[in-house]
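Please keep the sequence and the 3D view open while reading.

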Amino acid sequence: MSRIVPSPATGPDLSGRLILYVGGRHQHVSHLRRIVESYNGAFVHHDGGVEQSLEKLESQLERADAVLFPVGCVSHAAQDRVKRQCRRLSKPFHPLRSTGVEAIVAALASVNSRAAAP
């Protein structure tokens, strides 16, 4: 993952929305937090059940405005739970094929545009 934090002027304004990132690599979490916060969002991470319980994931899903998860770096059980709960709660979720900055920013822009839609 690139260590470059995109400029807030080139990305979406998340307007304080809480973004839950499930899974991924532990060493990327602080970088992802900076990206989300640079776009005026709040960030929370769940490791997908490695050390944190999937029950804790349930409460984080309820609070989140949108959920992102890298499909290659999270368990199938966590992916299934995210998809099922997000559908039940009518929350957007974004499976990411890459952990790159471009994929993250594109998903955040989608969160922003979906929230702005009537």
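Arg-81 counts as buried, at 18% relative accessibility; buried means under 20% relative accessible area, exposed over 50%, and partly exposed in between, with a 1.4 Å probe and protein chains only. The model is predicted, so local features need pLDDT of at least 70 and side-chain atom pairs count only at pLDDT 80 or more, while totals for chains, interfaces and linings use all residues. Residues are numbered from 1 along each chain as its sequence is written, and side-chain values use heavy atoms, with hydrogens and water left out.

**Salt bridge**

- Arg-81 forms a salt bridge with Glu-58, and the closest N and O atoms are 3.3 Å apart; the term means a side-chain nitrogen of Lys or Arg within 4 Å of a carboxyl oxygen of Asp or Glu.
- Glu-58 lies in helix α2 (residues 54–63) and Arg-81 in helix α3 (residues 76–89), so the pair ties together parts that are 23 residues apart in sequence.
- A search of the whole structure finds one salt bridge.

**Overall layout**

- The chain has four helices and four strands; these are DSSP runs, numbered from the N terminus, with helices being H or I of at least four residues and strands E of at least two.
- From the N terminus on, the order of the elements is β-α-β-α-β-α-β-α.
- Of the 118 residues in the chain, 45% are buried.
- Among contacts with a separation of 6 or more, 75% come from residues 24 or more positions apart; contact means heavy atoms within 4.5 Å.
- The chain exposes about 6,100 Å², and carbon and sulfur atoms supply 50% of it; accessible areas come from the Shrake-Rupley method with a 1.4 Å probe, and for residues only the protein chains shown count as cover.

**Ala-42 in strand β2**

- Ala-42 is found in strand β2 and is partly exposed, with a relative accessible area of 29%.
- Ala-42 and Leu-18 are 24 residues apart in sequence, yet their C-alpha atoms are 4.6 Å apart in space.
- Leaving aside neighbours within four places in sequence, the contacts of Ala-42 include Gly-16, Arg-17 and Val-36.

**Positive phi angles**

- Most residues other than glycine have a negative phi.
- Ser-15, in the segment before β1, has a positive phi near 50 degrees.
- Asn-40 has a positive phi of about 65 degrees although it is not a glycine.
- Asn-40 sits in the loop between α1 and β2 (42–46) and is partly exposed, with a relative accessible area of 43%.

**Cavity and pocket**

- On a 1 Å grid over the protein atoms alone, a cavity is a set of points where a 1.4 Å probe fits but cannot get out, and a pocket is an open set with protein on both sides within 12 Å along at least five of seven lines; lining residues have an atom within 4 Å of a point.
- The structure holds one cavity of 30 Å³ or more.
- The elements that give two or more residues to the lining of the largest cavity are β1 (18–22) and α1 (29–38).
- The lining of the largest cavity includes Ile-19, Tyr-21 and Phe-43.
- The largest pocket has a volume of about 170 Å³, a volume being the space filled by probe spheres set on the points, which are joined across faces, edges and corners.
- Among the residues that line the largest pocket are His-26, Asp-47 and Cys-73.
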